[in-house]
Amino acid sequence: MKIKSAEFVISNSEVAKCPKNPIPEYAFIGRSNVGKSSLINMLTDRKSLAKTSGKPGKTQLINHFIINNNWYLVDLPGYGYAKVSKTSKRKFQKFITNYFEQRQQLVSAFVLVDIRHNPQPIDLEFMQYLGESGIPFAIIFTKADKLKPKAIERNVDDYCQELLKTWEELPPYFITSSSKKIGQEAVLDFIEGTNEEIESLKNHS
Ligand code: GDP
C-alpha cells in the first residue's frame, strides 16, 4: 500500500464520540515507550503525525487518523506506566475496554512489543483479554535495529514459544524498526489485504 494521505481526525476520551464513518479501523497499542508514535510516523511516512512521547502516560486519549481516505489508524494510549495511581489505572482500563468492546468497525489491534524484552505479563495478559473478547490482533515487534539478526530470531522464537503455551495458533506478527524503516511494507500490505477481504465479503453478501 502506498500512503497517499494521512490526516489527524480527532482525539477523544469516549468511544461514543469516535468518528461515525463506517470504514475499517486498526488500533495500535502497547506499553509506554515501546515506540508506538515512531512506528505510526514510520508507517505513514510522516515526521510527526503521532507525537513521540515526552512524558509517558500523559497522552490518555483515543486518537483517530484517516489514511488514504479509506481506513482509520487509531493511536491508543500506552499502558503499563508505573507512575500512574491505582485510580487512574482503573479508569484507563475501563476506557480501553470500552473502546475494544464497543467499537464496531475495529478490524484488528496491533499490540506492540519491544523486541529486546522477554515476554512481559502485562502484554500477554492484554493479548489474553483481546482473545477472550474475540478481537483479532497482530503483534508488532519494535526497535529491531537494536539487535543483531540472530538475536532477533531467538527473541521472536522465544516469544512464539511463550504464546504457544496458551494459544493454539500464533497471531500474525511483524518485525519492525522505525529508525531503519523496517517492516513498513509488511504491515501496510497486511492492512491492505485485510481491507480488500472486507470489501469482497461486502460485495458477496
Ligand atoms: P511511545 O511512547 O510508544 O509512543 O514511543 P516513542 O515512539 O515515543 O519512542 C520511545 C523511545 O524509543 C524514543 O526515544 C524513540 O526515539 C525510541 N524509538 C522508537 N522507535 C525506535 C526504533 O525503531 N529504533 C530505535 N533504536 N529507537 C526507537
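Is Asn 68 buried or exposed at 16% relative accessibility? Asn 68 counts as buried at that value, where buried means under 20% relative accessible area, exposed over 50% and partly exposed in between (1.4 Å probe, protein chains only).

The legends below describe a predicted model, in which local features need pLDDT of at least 70 and side-chain atom pairs count only at pLDDT 80 or more, while totals for chains, interfaces and linings use all residues. Residues are numbered from 1 along each chain as its sequence is written, and side-chain values use heavy atoms, with hydrogens and water left out.

**View 1. Asn 68 in the loop between strands S3 and S4.** Strand S3 covers 62-67 and strand S4 covers 71-75; helices (H or I, at least four residues) and strands (E, at least two) are DSSP runs, numbered from the N terminus. The side chain of Asn 68 comes to 2.6 Å from the backbone nitrogen of Lys 4.

**View 2. Polar atoms facing oxygen atoms of the ligand.** A polar backbone atom of Gly 35 is 3.0 Å from an oxygen atom of the ligand. For Lys 143, a polar side-chain atom lies 3.0 Å from a ligand oxygen atom. At Ser 178, a polar backbone atom is 2.7 Å from an oxygen atom of the ligand. On its own the ligand has 570 Å² of accessible area, and the protein covers 75% of this; such areas come from the Shrake-Rupley method with a 1.4 Å probe.

**View 3. Helix H4, residues 149-163.** The 15 residues of H4 should span 21 Å at 1.5 Å a residue, and the end C-alpha atoms are 21 Å apart, which agrees. The expected span is 1.5 Å times one less than the number of residues. Ala 151, Ile 152, Asn 155, Val 156, Tyr 159, Cys 160 and Leu 163 are buried in H4. Seen down the axis, the buried residues fall within an arc of 165°, so they line one face of the helix; the arc is that of the directions from the helix axis to the C-beta atoms. An α-helix has 3.6 residues a turn, so residues three or four places apart point the same way. The face of H4 turned away from the buried side carries the exposed residues Lys 150, Glu 153, Arg 154 and Gln 161.

**View 4. Helix H5 and its residue Gln 184.** Among the buried residues of H5 are Gln 184, Val 187 and Leu 188. Gln 184 has 16% relative accessibility, and its side chain reaches the backbone oxygen of Met 42 at 3.2 Å.

Technical notes: A polar contact is a pair of N or O atoms within 3.5 Å; within protein, one must be able to donate a hydrogen and the other to accept it, and residues adjacent in sequence count only if both atoms are side-chain atoms.
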